[in-house]
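Hi,

Here is the structure I said I would pass on. Have a look at it, and my notes follow below.

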Amino acid sequence: MAQIFISAGHGGFENGIRDSGVKVDGITEAQEMIRIRDLIVPELRSRGFQVLSVPDDLSLQQSISWVNARNRTGDIALEIHVGAFQNTDVRGTTAYYIASNEARKAHAELLLLALLRRVPQLPSRGARPDTAAGMGRLAFCRQVEPPSLLIELGYLTNDRDRTLLTSRRRDFALGLADGLASW
């Protein structure tokens with residue numbers, strides 16, 4: 001049976017320092033992503049899927065190695081994040097896929113569609129190649145062996161996105177579970 005890997009972005013140690021990701025008004029990206037991931041996992045398991053949760057204390061490279069060491073044919077992987085931007089009006093969700101991969105782009109669009117069915121108040125920023133991300137390439141999209149996506153669920157720096165994330169965690173989790181199940 002194929003496995004679904006789910007990684008909550010940040011939370012591990014990078015260069016010996018705990019990486020909590022974005023922090024706004026006492027809310028950290030790592031804490032929120034762990035909460036949402038911890039709702040996705042049992043939801044998918046209740047639907048009969050085999051789900052592996054990447055340990056929270058790993059660095060990005062350790063997380064990638066952890067997934068790759070357990071990868072089997074047919075597996076898929078998702079890492080969830082939230083963003084931050086100086087312009088607090090910026091909001092919405094974006095699914096990133098490895099550039100020039102039409103199949104992965106279709107999977108990213110499927111995931112977004114499922115999420116937006118459950119959280120229609122969240123604007124879509126679309127499915128984008130990882131080359132459109134701020135860093136120009138995303139390790140989780142490029143170095144993870146099973147087909148993988150990285151999704152930004154919104155922006156902690158935007159009041160509306162932050163409120164949606166913290167008040168509707170279960171809807172985010174259900175939307176992502178729906179999308180992963182369809183994938």
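This is a predicted model: local features need pLDDT of at least 70, side-chain atom pairs count only at pLDDT 80 or more; totals for chains, interfaces and linings use all residues.

Next, the largest pocket. It holds about 670 Å³ of space and is lined by 35 residues. If you want to find its centre, go to His10, His81, Met135, Leu138 and Leu150, which lie nearest to it. The elements giving two or more residues to the lining are β1 (3-8), α2 (60-70), β7 (76-83), α4 (139-142) and β10 (148-155). Of these, β7 gives the most, with four residues. By class, the lining splits into 16 nonpolar, 11 polar and eight charged residues.

Then there is a helix pair to look at. Helix α3 (residues 102-118) packs against helix α6 (residues 169-182) at an angle of about 145°, and their axes are 7 Å apart. The crossing of α3 past α6 is right-handed. On the α3 side, the residues involved are Leu110, Leu111, Ala114, Leu115 and Arg118. They meet a set in α6 that includes Asp171, Phe172, Leu174, Gly175, Leu176 and Asp178. Sorted by class, the contact of α3 with α6 has eight nonpolar, three polar and three charged residues.

Leaving aside neighbours within four places in sequence, arginine 168 is in contact with Arg118, Val119, Pro120, Gln121 and Thr163. Arg118 is also one of the α3 residues that meet α6. As for valine 119, it is 49 residues away from arginine 168 along the chain, yet their C-alpha atoms are separated by 8.1 Å.

Cheers

Methods: Residues are numbered from 1 along each chain as its sequence is written. Side-chain values use heavy atoms; hydrogens and water are left out. On a 1 Å grid over the protein atoms alone, a cavity is a set of points where a 1.4 Å probe fits but cannot get out, and a pocket is an open set with protein on both sides within 12 Å along at least five of seven lines; lining residues have an atom within 4 Å of a point. Grid points are joined across faces, edges and corners, and a volume is the space filled by probe spheres set on the points. Ala, Val, Leu, Ile, Met, Phe, Trp, Tyr, Cys and Pro count as nonpolar, Asp, Glu, Lys and Arg as charged, and the others, Gly among them, as polar. Axes are lines fitted to C-alpha atoms, for helices over the stretch in contact, and angles run from 0 to 180 degrees between N-to-C directions. A crossing is left-handed if the near helix is turned anticlockwise from the far one by less than a right angle, and right-handed if clockwise. Contact means heavy atoms within 4.5 Å.
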